[in-house]
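Student: I would like to learn how to read the features of a protein model one at a time. Please show me the model and let me ask as we go.

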Amino acid sequence: MRAKSLRRPGLLAAAALAAVASLVMTTSAFADEPTTNDERAQPFLQFVDFNHPDACAVGGLTGTPVHPSKFTYAGGDNQQYLDITAVPADLRITGMVVRAGDVFNVYLAGKLGAELPWKGLRAPVLGEGDLPQIGEWFGCGVAVEKPPTSTVTTTTTTTTTTESTVTHSSTPTSAPTSTPASTSSSESSAEVVPATTTTTIAAVPVAQRSGLASTGFNGAWLLGLGAALVAVGAAVMLVMRRRQD
């Protein structure tokens, strides 16, 4: 009986010690809960690494981790604040993660605003401590689908027109000069030597038709006239001869 009575106080003491330890641990855990003075951020108490498969699966983030080298920024590692001035053009950034130790802030893009820069991003604080330096940060994003590019092919047809030029060369033909045959009639006589008459008829140029080149000479009438004049000359000489006889 006495042994049982002695054991009961020992059990009670052990239970009391366990309750106190549990209370201390609970109080300590609440004291170490991260807080943030940035209303845009949501603090978390757990270790998150850039290479962790669930790095962008917390706090409403989506997509895959985006390395800091893809951003244009100021501040960051080993500093208390981070300013994002430009994001990758081929990604839609869903949010940012800023870590210090085992605590981190999650910034959703919707709370950061549609316009850059995003200024003053920071890590959470533990208890009443000072704002820690940033140990690691990265973004989360999804690829932007580019609209299909339509290609318009323009066919240009070039028509070449060749203009033929016909050149008519017309060389005026000068009318030939026709010298009708001259007839010299002489009759030898011991007493009378008749005079020789030579008649030269100037060639009359043939009038050219309008627009056409002269290609020949029509002198038939001149030949007839020359023959008539020769006959007249012969008749005159015959009359003069008879008179002399």
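Student: Which residue does the disulfide join to Cys56?

Tutor: Keep in mind that this is a predicted model. A search of the whole structure finds one disulfide. The partner of Cys56 is Cys140, with an S to S distance of 1.9 Å.

Student: What is the hand of the link between Cys56 and Cys140?

Tutor: The hand is read from the angle about the S-S bond, which is -90° here, and the link is left-handed.

Student: Now the rings. How many aromatic pairs does the structure hold?

Tutor: There are four aromatic pairs. One of them is formed by Phe44 and Phe104, which are stacked, with 5.4 Å centre to centre and 15° between the planes. This pair links distant parts of the chain: Phe44 is in strand S2 and Phe104 in strand S7 (residues 103-108), 60 residues apart. Phe44 and Phe104 are both buried.

Student: What is the geometry of the pair formed by Phe50 and Phe138?

Tutor: That pair is edge-to-face, with 5.5 Å centre to centre and 75° between the planes.

Student: Why does Phe138 count as buried?

Tutor: Phe138 counts as buried because its relative accessibility is 1%, and the cut-off for buried is under 20%.

Student: Which residues form an aromatic cluster?

Tutor: Phe71, Tyr73 and Trp137 form one. Tyr73 also has a place in strand pairing: its bridge partner in S5 is Ile84.

Student: What holds the strands of a sheet together in general?

Tutor: Strands of a sheet pair through backbone hydrogen bonds, and the pairing is either parallel or antiparallel. In this model, three strands form an open sheet in the order S4-S5-S8, with antiparallel pairing. Strand S4 (72-75) and S8 are the edge strands, each pairing on one side only. Direction ignored, neighbouring strands of this sheet are turned by 20° against each other on average.

Student: How many bridges join S4 to strand S5?

Tutor: Four bridges join S4 to strand S5 (residues 82-86), and the two run antiparallel.

Student: Let us turn to side chains in loops. Where does Arg40 lie?

Tutor: Arg40 is in the loop between strand S1 (34-35) and strand S2 (41-45). To read such a residue, take its polar contacts one by one. The side chain of Arg40 is joined to that of Asp38 by a polar contact of 2.9 Å, and a polar atom of the Arg40 side chain lies 2.8 Å from the backbone oxygen of Lys119.

Student: How far apart in space are Arg40 and Val106?

Tutor: They are 8.6 Å apart, C-alpha to C-alpha, and 66 residues apart in sequence. Arg40 touches Val106, and among its other contacts are Tyr107, Leu121 and Arg122.

Student: Is Arg122 buried or exposed?

Tutor: Arg122 counts as buried, because its relative accessibility is 13%. Its place is in the loop between strand S8 (118-121) and strand S9 (125-126). A polar contact of 3.0 Å joins its side chain to that of Asn37, and the side chain of Arg122 also reaches the backbone oxygen of Gly120 at 3.0 Å.

Technical notes. Residues are numbered from 1 along each chain as its sequence is written. This is a predicted model: local features need pLDDT of at least 70, side-chain atom pairs count only at pLDDT 80 or more; totals for chains, interfaces and linings use all residues. Side-chain values use heavy atoms; hydrogens and water are left out. Contact means heavy atoms within 4.5 Å. A polar contact is a pair of N or O atoms within 3.5 Å; within protein, one must be able to donate a hydrogen and the other to accept it, and residues adjacent in sequence count only if both atoms are side-chain atoms. Rings of Phe, Tyr and Trp (its six-membered ring) pair if their centres lie within 6.5 Å; planes under 30 degrees apart count as stacked, over 60 as edge-to-face and the rest as tilted. Buried means under 20% relative accessible area, exposed over 50%, partly exposed in between (1.4 Å probe, protein chains only). A disulfide is a pair of cysteine sulfur atoms within 2.5 Å. Two strands pair if DSSP finds at least two bridges between them. Axes are lines fitted to C-alpha atoms, for helices over the stretch in contact, and angles run from 0 to 180 degrees between N-to-C directions. Lists of a residue's contacts leave out its neighbours within four places in sequence.
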